[in-house]
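Please inspect the sequence and the model before reading each solution.

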Amino acid sequence: MKPCARQEPPLEGAQGTFLDIDHGTYPFVTSSNTTAGGACTGAGFPAPSGQGGWRHESLYHPGRGGTLPTENAEIGDLLHGMGREFGATTGRPRRCGWFDSVATRHSAMINGIDELAVTNVDGLDTVDVIKVCVAYRVGSQKLDYVPMTSRC
């Protein structure tokens, strides 16, 4: 009988890169590592080398504190009205914004992501225009990357 190839179990997380204590938007972070590397450390196995990974991403971003450059009251009202975006523990309405491709690209780099599953498109079927953030504007500067400080 041949031995089975070792395969690590899949991991799932509800936090995110920007809540990570090392890579997050301080002071709006949690007290642990919420990136793929932190998950492997916490689970007790090494990060897979060269295998890539995938990330689930909503077409809109619910905020859980910190900065949310694409925050938009219209999309927030729509999602709250559908009963989707409320805190699981507190019941408070979450801040919501449009898809942020800059933050998604940064998160993919930090976590070794090479595939993306975009979901919740059906929840926006009544919206005429779906917006996507492709850069940040800080003063007169246009940034296509996540700045390490808000003082650019």
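A residue is buried when its relative accessible area is under 20%, exposed when that area is over 50%, and partly exposed in between (1.4 Å probe, protein chains only). The model is a predicted one, in which local features need pLDDT of at least 70 and side-chain atom pairs count only at pLDDT 80 or more, while totals for chains, interfaces and linings use all residues. Residues are numbered from 1 along each chain as its sequence is written, and side-chain values use heavy atoms, with hydrogens and water left out.

**Exercise 1.** State how many helices and strands the protein has, and give their order.

*Solution.* Helices (H or I, at least four residues) and strands (E, at least two) are DSSP runs, numbered from the N terminus. By this rule there are three helices and seven strands. Read from the N terminus, their order is α-β-β-α-β-α-β-β-β-β. Of the 152 residues in the protein, 28% are buried.

**Exercise 2.** Locate the salt bridge and classify the exposure of Arg95 and Glu71.

*Solution.* A salt bridge requires a side-chain nitrogen of Lys or Arg within 4 Å of a carboxyl oxygen of Asp or Glu. Arg95 belongs to strand β3 (residues 95–100), whereas Glu71 lies in the loop between β2 (60–63) and α2 (73–81); the two are 24 residues apart, and the pair links distant parts of the chain. Arg95 counts as partly exposed because its relative accessibility is 30%. Glu71, at 41%, is therefore also partly exposed.

**Exercise 3.** Determine which residues of α2 are buried and how they are placed around the axis.

*Solution.* The buried residues are Ile75, Gly76 and Leu79. They cover an arc of only 100° around the axis, so they lie on the same side of α2; the arc is that of the directions from the helix axis to the C-beta atoms. The face turned away from this buried side carries the exposed residues Ala73, Glu74, Asp77 and Gly81.

**Exercise 4.** Identify the members of the largest nonpolar core.

*Solution.* A nonpolar core is a set of buried Ala, Val, Leu, Ile, Met, Phe, Trp, Tyr and Cys residues joined through side-chain atoms within 4.5 Å. The largest has six residues: Val102, Ala103, Cys133, Tyr136, Leu143 and Val146. A second, separate core of five residues includes Leu79, Cys96, Trp98 and Leu124.
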